[in-house]
Amino acid sequence: MENQEPKHQRRVRYKGTHPRTYKEKYKELQPEKYADTIEKVIRKGGTPAGMHISICVQEILDFLQIQPGQQGLDATLGYGGHSSKMLECLQQKGHLYALDVDPIEMKKTQARLEGMGYGPDILTVKQMNFADIDLLVQETGKFDFVLADLGVSSMQIDNPERGFTYKQEGPLDLRLNPEKGISAAERLKDISQAELEGMLMENSDEPYAREISMAILSEQRKGHVIDTTTKLKEVIEKALVRLPKEEQKEAVKKSCARTFQALRIDVNSEFEVLEAFLEKLPRILKPQGRVAILTFHSGEDRMVKKSFQSFYREGVYRDIAKEVIRPSKEECNQNSRARSTKMRWAIKA
Ligand SMILES: C[S@@+](CC[C@H](N)C(=O)[O-])C[C@H]1O[C@@H](n2cnc3c(N)ncnc32)[C@H](O)[C@@H]1O
């Protein structure tokens with residue numbers, strides 16, 4: 001033993017001072033190690049990476065009036081923030097069903113909720129599109145309360161591998177369920193200029209829809225494939241290059257946000273699935289059953305408002321929100337993502 005050569009130790013590779021990966025960059029992704037960082041991000045009005053701060057929680061709970069023993073549906077589980085609050089109200093009596101189309105985040109949320117004591121006896125998590133609630137209700141029976149908090153979660157936006165943001169380099173995917181359908185990059189491959197222009201106008205009121213759609217098609221004709229978030233951002237920059245210099249930076253930022261939103265709405269058929277959900281909702285609610293919906297886009301809010309009003313006129317809903325409900329100023333200050341939120345509710349006759 002004594003004569004043994006000391007084992008050669010491999011030198012630890014110097015990683016530099018700049019983090020390279022998503023995991024290294026965001027300490028918040030290791031909450032057990034960096035609780036202080038998480039607190040600091042929340043205090044500044046941000047959302048820590050890998051987390052989602054639920055919006056209008058109190059307003060939703062005040063409206064839903066959940067009683068122990070009831071059966072409810074969270075149609076958009078996300079990080080499970082609303083679900084955990086609704087489960088608290090159930091006090092281990094009754095049942096909550098929760099849906100999400102995203103297989104990646106859904107599994108993590110289910111495990112987190114299970115760790116909080118919400119196992120299959122009180123909570124059933126299903127990977128399902130809320131457009132299919134008519135199939136769900138055949139298995140579960142009708143619901144006393146339903147919540148839908150539309151759109152994307154912060155975890156999805158913050159993960160560059162999902163391609164939801166122009167702010168970070170990643171594949172141009174934008175699918176809520178990356179195992180199904182086609183990515184935004186594939187969608188762009190075969191689209192005509194007119195269709196793309198229409199998509200940008202209809203899905204996000206993009207004022208430079210013509211310029212952007214023409215620039216994208218022109219890049220593709222040159223043989224350039226737009227398959228990453230950065231490549232799309234660069235094309236948008238080119239499309240707006242004729243704007244006055246002092247306006248350009250802000251205009252590019254806004255057009256990028258709108259273009260990404262329009263593509264996301266398209267590849268996930270968000271308007272179509274919302275329409276199906278709204279149409280089927282009354283059939284899954286018990287008499288006096290309550291539904292609350294949070295939207296983040298004027299087009300979605302219009303659809304919810306119209307559907308609630310039309311069923312109200314027919315006597316299907318006995319009451320609906322007369323005015324849209326907005327998160328408080330304090331909530332918007334604490335969580336910048338709450339600023340565009342609109343809430344509406346309805347009660348089944
Ligand atoms: C804003 S987040 C929900 C956040 C959640 N309320 C919370 O407190 O953590 C929206 C979630 O709905 C999911 N989603 C979007 N469209 C869906 C659909 N048609 N069917 C089921 N889930 C959907 C998204 O994948 C995302 O996880």
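**Entry 1: H6 and H13**

I began with two helices, and I found that the axes of H6 (residues 133–140) and H13 (residues 270–284) come within 9 Å and cross at roughly 20°. The model is predicted: local features need pLDDT of at least 70, side-chain atom pairs count only at pLDDT 80 or more, and totals for chains, interfaces and linings use all residues. Residues are numbered from 1 along each chain as its sequence is written.

I noted how the axes are made: they are lines fitted to C-alpha atoms, for helices over the stretch in contact, and angles run from 0 to 180 degrees between N-to-C directions. Helices (H or I, at least four residues) and strands (E, at least two) are DSSP runs, numbered from the N terminus.

H6 and H13 are therefore roughly parallel to each other. Angles under 35 degrees count as roughly parallel, over 145 as roughly antiparallel, 65 to 115 as roughly perpendicular and the rest as oblique. H6 passes H13 in a right-handed crossing. A crossing is right-handed if the near helix is turned clockwise from the far one by less than a right angle, and left-handed if anticlockwise.

Which residues of H6 and H13 meet? I listed Ile133, Asp134 and Val137 from H6, and Phe277, Lys280, Arg283 and Ile284 from H13. Contact here requires C-beta atoms, placed from the backbone, to lie within 7 Å. By class, this contact of H6 with H13 has 4 nonpolar, no polar and 3 charged residues. Ala, Val, Leu, Ile, Met, Phe, Trp, Tyr, Cys and Pro count as nonpolar, Asp, Glu, Lys and Arg as charged, and the others, Gly among them, as polar.

**Entry 2: H9 and H10**

Next I looked up H9 and H10, whose axes come within 9 Å and cross at roughly 140°. That makes H9 oblique to H10. Their crossing is right-handed. H9 brings Gln193, Leu196, Glu197, Leu200 and Met201 to the contact. H10 brings Ala209, Arg210, Ile212, Ser213, Met214, Ile216 and Leu217. I sorted the residues of the contact of H9 with H10 into 8 nonpolar, 2 polar and 2 charged.

I then checked Asp205, in the loop between H9 (193–204) and H10 (209–221). Asp205 has a positive phi of about 45°, although it is not a glycine. Is Asp205 buried or partly exposed? Asp205 is partly exposed, because 14 other C-beta atoms lie within 10 Å. The cut-offs are 20 or more such atoms within 10 Å for buried, 12 or fewer for exposed, and partly exposed in between, with C-beta atoms placed from the backbone.

I found Gln288 in strand S5 (residues 285–295). Phi of Gln288 is near 70°, a positive value in a residue other than glycine. With 10 other C-beta atoms within 10 Å, Gln288 is exposed.

I found Asp319 in strand S6 (residues 317–320). Asp319 has 13 C-beta neighbours inside 10 Å, so it counts as partly exposed. Asp319 and His52 are 267 residues apart in sequence and 31 Å apart in space, C-alpha to C-alpha.

**Entry 3: around the ligand**

Which residues come nearest to the ligand? Of the 22 residues around it, I noted Ser54, Thr76, Gly78, Tyr79 and Gly81 as nearest. Helix H4 (81–90) and strand S2 (95–100) are the elements that give two or more residues to this shell. A residue is near if its C-beta atom, placed from the backbone, lies within 6 Å. The shell divides into 8 nonpolar, 10 polar and 4 charged residues.

**Entry 4: whole chain**

I recorded 15 helices and 7 strands in the protein chain. Of its 349 residues, 41% count as buried.

Key:
Contact = placed C-beta atoms within 7 Å.
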